[in-house]
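Subject: The structure we talked about

Hi there,

Here is the structure I promised to pass on to you. Have it open on your screen while you read, and take your time with each stop.

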Amino acid sequence: PRRRRPWAHNPKAISSMLPSLPPLVACLLVPPTPLGAPAVQRAQHTVRSFALRSGGARMQHAAAAPASVLSGCKLSYFGIPGRAEAIRLSLAIGGVDFEDKRIPFPAWGKVKHTTPWATAPVLELADGSELAQARSILRFVGRHAGLYPADPLAAQRADELMDALEDLGAIVTSVGQGLPKEEQEAARRAAVAEGGLGLCSLRSQTNSARSSTNTRSENMTPRSLFALLALSSTDACTMYGVSRTASADGSTMVSHSDDGAGDSDSRLSYVPPARHKSGSMRDIYPTIDEYPKFIGDAFGKTFLPLPGQALTKPIGQIPQVEATHGYYLNGYAIQNDCELSFGESTASAVFRADAVGTPNGTALLAIEELSHLAAERVCTAREAVQLMGDLAVQYGFFGPDGGAGEMLVVGDPDEVFVFHILSDPTARSAIWAAQRVPEGEVMVAANHFVIREVDLDDADRFLGSPHMHRVALQHGLWDGRGKLDFTAAFSLGEYGNKYYSGRRMWDGFRRFAPSVALPPAYNSTDPWSGLKESRPYPFSVPPDAPLALTDLLAAHRSHYEGTSFDMTRGVAAGPFGSPDRYAVPGTPGDTKRGAWERSVAIYRAAFAWIAQAGGSADRDRKQDSAVVDRDSAAASGAVALQKLLPDPPPEETGALRRGDRGDGCGCRSKIWFGPADPATTVFVPLSVCAGPPPEQYTRGGPGKVDRESAYWAHRYTQNLAQVRYSAMIVDIRAHSLEWEEQGAALALQIGTLQCGGGAPGQGQAASPPPDALQHLRGDSAPSLRRQIERHAAAVLASTWALTDDLVGKYADGGEAAPRAGLERRQAVAVSNLGYSSEWLAAAGFDSGPARIEGHIAAEATPGWLERQQLLGRTEPAVAAVAFPAPSLRGADTEAQRQDAARAPQTLRVVAVLAFAAAVVAAAAVAAAVRRVAASTRAVLPLADSAEYQQVA
């Protein structure tokens with residue numbers, strides 16, 4: 001029941017697990033919905049195509065003819081999914097013709113005693129035998145329907161995993177008994193969270209349940225299995241790739257947004273170029289998504305251990321080459337010192353492997369280490385994709401998170417390639433393909449494979465593993481007709497919800513090539529399959545105009561503003577137009593239905609970058625040809641590497657060869673890096689040739705604000721913007737534009753920098769003058785590195801100052817604006833911004849308590865009552881409860897509005913008359929006083945007379 005398997009609400013997450021689970025176990029996880037024909041067909045296709053790979057051919061497919069023992073059987077259970085649903089699915093997937101008898105609940109009391117154990121379900125065979133107990137029946141059906149592993153150990157692991165799932169259901173059910181519904185659900189979610197009761201109880205069981213039959217490495221960890229309980233935020237990323245003749249300045253551009261979560265590691269690091277002893281080995285490290293992603297010195301000073309931190313241990317080794325390039329990385333390689341650039345996006349895939357070092361793990365390399373190895377060893381995109389593919393085939397590939405597949409966009413000054421990779425059915429190798437972005441075109445990818453028909457005979461456009469066709473045929477992923485559609489064969493569709501990937505792809509294409517007018521919607525038989533089946537978007541398109549850096553910045557900041565999907569509009573945007581939609585699955589308010597639109601820019605982003613390679617010189621040099629000289633390009637990075645090494649390497653250094661692009665070294669390349677949400681960050685220019693990145697970009701972990709961290713400055717800004725997004729984003733964008741314009745001036749200096757005094761001859765291993773290296777390393781002033789550091793420090797200080805300005809300007813729902821010509825203490829006027837009329841209407845504001853248009857306390861000054869009576873506003877009998885005259889805004893009738901308009905004039909007239917009367921009275925009193933004084937002076941001489949004395 002759903003109560004016992006609360007994770008069985010997410011068809012997409014379950015579908016992504018089916019290919020790598022034993023089919024019998026997979027049936028346990030299928031969502032308990034009514035068993036309609038489409039559901040059966042989808043399940044049959046999934047299990048037939050991706051059945052358990054235990055010993056290759058030894059595994060029976062679900063399409064095998066069912067054994068006669070099951071023919072004509074009858075399954076009896078209630079009219080709900082419950083404990084019989086997995087059995088029903090197993091019979092249906094196995095092609096068994098069976099009777100699905102539903103027992104009415106009122107009738108159960110009459111038939112209960114007739115069942116073997118007074119329980120349901122019951123499976124009745126054609127010979128009259130009755131089988132009981134749900135798990136026992138499921139195993140019996142699995143064995144006879146071709147869904148059970150043939151290998152005995154694999155079968156035991158399947159049994160073990162099913163029992164562990166049963167235990168988990170019991171644990172979850174036992175938690176929260178007697179609590180109100182919401183508290184009970186919260187307690188149960190806590191039980192299956194990291195460190196929770198359920199997880200701790202099952203840890204040892206589930207670790208061993210990762211079978212040698214190629215089950216996923218994280219099937220029984222919170223990041224994957226419990227994603228079925230609540231679909232969590234996937235580390236979902238968007239990437240763009242621009243060919244050199246599609247860009248405004250002749251550079252290639254590749255980009256990446258890392259849309260992880262609040263526990264992501266956003267720190268940049270620099271791996272310097274190095275020489276290695278002949279015959280040495282290169283350690284291979286595991287992939288860790290959360291902070292800290294690595295602890296040690298293998299990937300630069302950023303990840304050096306802090307007190308109490310244990311070093312990250314390698315999971316294997318491969319032979320090292322004698323010399324390696326320097327490069328920037330943050331999880332994935334970003335760019336190396338000969339202008340090889342990377343962007344990444346995870347994708348779903350049909351096959352999955354475990355990492356060496358985990359129980360039953362067999363694959364050594366994930367996409368992070370593959371990109372590192374390429375950045376260390378080669379200089380061209382073509383070499384990079386070939387090297388990564390060859391290494392993955394040799395040592396095995398594993399997808400570290402919920403996607404199982406991976407994509408890279410890889411660029412050099414001449415070419416851009418899109419690279420797709422996933423594990424193969426053996427879990428010890430890989431399937432991969434790479435397609436070149438045509439000259440003059442731009443590509444978009446967002447967590448979904450985009451390479452379609454692969455033609456390995458066209459070596460200029462395609463590279464790939466030669467066994468992909470055989471694998472696709474063997475597993476029913478391709479019918480062998482025509483060219484192999486890589487996405488249709490090896491993708492499992494979109495993550496999370498329909499349009500999760502497609503909307504972002506549509507947005508990129510509609511920005512870069514609006515004339516193409518691609519549709520924003522597409523059809524699908526399932527929410528997750530539309531992008532895979534309908535093929536609404538091409539691999540790449542020519543842009544309507546050459547693309548500049550600002551075009552990619554705007555694309556990465558998109559919330560679909562100005563379209564019908566504008567996330568700054570509507571009730572979901574709140575009163576202040578915020579485009580951010582926080583994750584719902586797994587939260588107390590989750591209704592298990594619906595989803596938000598997935599924007600390109602997203603609040604949980606850890607960082608984004610745009611890497612540029614080449615420039616106007618390349619456009620002038622090779623404008624007349626779309627096909628480059630492969631041999632020259634392959635050797636192009638060696639000179640740059642040789643210039644940075646203390647001594648020139650030998651003539652041949654593994655994958656490195658001497659040669660020259662003809663332009664000195666790769667110091668023209670730039671990385672535009674923006675921490676946190678791209679919509680509210682400042683992208684700054686960085687250069688691999690300058691050495692380590694500024695310190696502000698090498699620090700910042702989750703959970704604690706760091707005032708010296710660029711990541712925290714921009715993350716703080718993004719969160720602060722939620723106070724009044726529609727107003728604050730204007731100031732934030734202006735701030736970003738100001739500093740990015742200053743960054744562009746700095747980038748011009750990067751673009752004109754030459755590592756050496758001039759380009760050496762072809763094949764020569766020239767060393768740069770000493771002063772050139774000093775300039776590169778920041779030992780002379782002004783140096784490139786110091787200029788970059790000063791710029792980074794200024795951006796950090798200005799961003800923190802911006803947060804203070806935003807609070808001061810928009811505090812308490814108002815907006816403070818300067819008043820000209822006043823003293824500083826009076827130089828600000830504050831106006832109340834209130835809410836939009838649309839939002840007030842949606843909130844039902846007009847239905848609130850009746851408004852009073854004034855109050856006696858506001859006007860109850862001396863004489864107020866008399867003035868109101870004089871104006872006829874108040875009758876003496878009700879004077880104690882009188883209110884002032886209605887304001888002009890609150891008047892209801894024309895007469896009231898006229899009275900309200902005359903009231904201030906009448907009051908002014910009365911005041912003037914009263915003042916005049918007072919002046920006249922004062923004058924009269926003064927005259928009387930003067931007369932008395934005069935009379936007194938007149939009688940004073942008579943004071944001594946007898947007459948006066950007599951009168952007195």
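Below are the things I found in it, grouped by topic. Please keep in mind that this is a predicted model.

Let's start with the disulfide. A disulfide is a covalent bond between the sulfur atoms of two cysteines. The structure holds one, and it joins cysteine 338 to cysteine 379, with an S to S distance of 2.0 Å. The pair ties together distant parts of the chain, 41 residues apart. Cysteine 338 sits in the loop between strand 13 (332–336) and strand 14 (341–348), while cysteine 379 is in the loop between helix 10 (367–377) and helix 11 (381–395). Is this disulfide left-handed or right-handed? The torsion about its S-S bond is about -105°, so the disulfide is left-handed. Both cysteine 338 and cysteine 379 are buried.

Two other cysteines are worth a look as well. Cysteine 73 counts as buried because its relative accessibility is 1%, and buried means under 20%. Cysteine 237 is buried too, with a relative accessible area of 0%.

Next come the cis peptide bonds. One runs from alanine 120 to proline 121, with omega near 15°. You will find proline 121 in the loop between helix 5 (108–111) and strand 3 (122–124). Another cis peptide bond leads from tyrosine 291 to proline 292, and here omega is near -10°. Proline 292 belongs to the loop between strand 9 (281–284) and strand 10 (316–319).

Now for some backbone angles. Which residue has a positive phi of about 70° although it is not a glycine? That is glutamine 133, in the loop between strand 4 (130–132) and helix 6 (134–144). With 40% relative accessibility, glutamine 133 counts as partly exposed. Tyrosine 499 is not a glycine either, yet it has a positive phi of about 75°. Look for tyrosine 499 in the loop between helix 13 (486–490) and helix 14 (502–512). Is tyrosine 499 buried or exposed? Its relative accessibility is 17% and the cut-off for buried is under 20%, so tyrosine 499 counts as buried.

My last stop is arginine 88, in helix 4 (residues 85–93). At 0% relative accessibility, arginine 88 counts as buried. Its side chain makes a polar contact with the side chain of glutamate 85, at 3.0 Å.

Happy exploring, and write back whenever you like!

Best wishes

Technical notes
Residues numbered from 1 in each chain as written. Predicted model: local features only at pLDDT ≥ 70, side-chain atom pairs only at ≥ 80, totals over all residues. Heavy atoms only, no water. Helix = DSSP H or I, 4+ residues; strand = E, 2+ residues; numbered from the N terminus. Buried < 20%, exposed > 50% of the residue type's maximum accessible area, 1.4 Å probe, protein only. Polar contact = N/O pair within 3.5 Å; in protein donor to acceptor, adjacent residues only side chain to side chain. Disulfide = S-S within 2.5 Å.
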